[in-house]
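Please open the structure in your viewer and keep the selection tool at hand.

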Amino acid sequence: MTENNLNTIYDKLISHFGPQNWWPGDTGFEICVGAILTQNTAWTNVETAIMNLKSIHTLGFDEMLALPDSQLAHLIKPAGYFNVKTKRLKNFLKAIKDKYETFDALSDLDTQTLREFLLSISGIGPETADSMVLYAFNRPIFVVDAYTKRILLRHSLIDEEADYFRIQDYFTDHLDEDEKLFNEYHALIVATGKHFCHKSKPKCDKCPLKEINGGPTL
DNA sequence: CCCCAGGCGTCCA
DNA sequence: TGGACGCATGGG
């Protein structure tokens, strides 16, 4: 809560990068679609797919639900895994339609109910569900991704076998439960990952975290 | 040519 | 429970 490694890291990142103002997307629905499309995929590819969807005005709950799978697959092709992601998007839309009728109805759910509902959908795992909960519904849930684990691992703050929920607990145990903080923190971690924490070619010398915990970002 | 990206489900021991 | 594998495009 007060002074710890996570607060120090946050301070250095926000000083270096400035506020990220995430998630890139105009509506809650667009954020949810982007969260599915960006699974193991570069965001630039997702942007193209989102633009395709917008160009024919099908980036909406009812519009996308009515769209034949073959057309949806064609539109999201630039985002990769287009057959898998077509199914996942449709699973998402149908699950909402079946249980809550409209996308907006999800806003009335309490955070845990919302999170468990999303996790129950095939194709939505922990990171995708939590991204939606935090960024589309503004609830204080910390999002963990591959960059998060890599950075914490390289600073010896967690161990190799820590799974998603262990890493998430590490943040929630050491930070105030603050939606704005969680929002900005994850976005800053992604910025750090993209710029400095590449899987095989890390640029430790320039990383703003190089002096944290006595060691470089590897 | 190589490696990688804001994961997830399935299969199999 | 956990490790290997498939999914696929576009950028460096």
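The radius of gyration is taken over C-alpha atoms, and the globule rule is 2.2 Å times the number of residues to the power 0.38. Select chain A: with 218 residues, a compact globule would have a radius near 17 Å, and chain A has 18 Å, which agrees. This is a predicted model, in which local features need pLDDT of at least 70 and side-chain atom pairs count only at pLDDT 80 or more, while totals for chains, interfaces and linings use all residues. Residues are numbered from 1 along each chain as its sequence is written, and chains are lettered from A and ligands numbered from 1 in the order in which they are written.

Colour by secondary structure next. Chain A has 11 helices and 0 strands; these are DSSP runs numbered from the N terminus, helices being H or I with at least four residues and strands E with at least two.

Now select Ile36, Leu37, Ala49, Met132 and Val133. Of the 49 residues in the largest nonpolar core, these touch the most other members. Such a core is a set of buried Ala, Val, Leu, Ile, Met, Phe, Trp, Tyr and Cys residues joined through C-beta atoms within 7 Å; buried means that 20 or more other C-beta atoms, placed from the backbone, lie within 10 Å of the residue's own.

Finally, show DNA strand B. Of the 28 residues around DNA strand B, Gln39, Asn40, Gly125, Thr128 and Ser200 come nearest; a residue is near if its C-beta atom, placed from the backbone, lies within 6 Å. Which element gives the most to this surface? Select α8, which gives 4 residues.

Notes
A residue is buried if 20 or more other C-beta atoms lie within 10 Å of its own, exposed if 12 or fewer, and partly exposed in between; C-beta atoms are placed from the backbone.
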